[in-house]
Amino acid sequence: MGKQATEMLKGTLEGIVLAILAGRPAYGYEITSWLRERGFTDLAEGTVYALLVRIEQRGLVDVEKVPSEKGPPRKVYTLNEPGRASLAEFWRNWRFLSDRLEQLRKEGIDHGE
């Protein structure tokens with residue numbers, strides 16, 4: 001992934017993680033693995049963990065410590081109502097931006113670019 005794509009991912013990663021958690025509860029490594037399997041191969045595990053701490057502090061997720069077969073308990077994150085509201089706002093913003101970007105792209109093509 002190039003620098004531009006990495007920067008774009010940073011700006012959307014919170015929404016992506018909230019969308020994952022809207023589907024089911026998950027823990028940090030599980031989220032990172034899921035993203036890597038879907039092509040986000042350059043995503044650092046620490047980036048996801050730092051994001052999870054931020055969304056927990058903002059009250060967008062509920063956290064449960066679940067015993068692990070290996071090592072310390074895992075923190076399992078579940079999207080709560082404030083998190084669902086934040087995700088809905090993310091999707092509204094995403095639609096707005098993607099519609100405008102698509103419009104700009106088409107205008108560029110229409111002008112021979």
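Guide: Let's begin with one residue. Ser 86 lies in helix H4, residues 81–110. Helices here are DSSP runs of H or I with at least four residues, strands are runs of E with at least two, and both are numbered from the N terminus. This is a predicted model, where local features need pLDDT of at least 70, side-chain atom pairs count only at pLDDT 80 or more, and totals for chains, interfaces and linings use all residues. Residues are numbered from 1 along each chain as its sequence is written, and side-chain values use heavy atoms, with hydrogens and water left out.

Ser 86 is buried, at a relative accessible area of 14%. Buried means under 20% relative accessible area (1.4 Å probe, protein chains only). Leaving aside residues up to four places away in sequence, Ser 86 touches Glu 14, Leu 18, Arg 58 and Leu 60. Contact means heavy atoms within 4.5 Å.

Now to helix H1. Glu 14 and Leu 18 are among the H1 residues that meet H3. On the H3 side are Thr 47, Leu 51, Leu 52 and Ile 55. This contact divides into seven nonpolar residues, one polar and one charged. Ala, Val, Leu, Ile, Met, Phe, Trp, Tyr, Cys and Pro count as nonpolar, Asp, Glu, Lys and Arg as charged, and the others, Gly among them, as polar.

Next, H3 itself. The buried residues of H3 are Val 48, Leu 51, Leu 52 and Ile 55. Seen down the H3 axis, they fall within an arc of 105°, so they line one face of the helix. The arc is that of the directions from the helix axis to the C-beta atoms. Their cover includes H1, H2, S2 and S3.

Definitions and conventions: Buried < 20%, exposed > 50% of the residue type's maximum accessible area, 1.4 Å probe, protein only.
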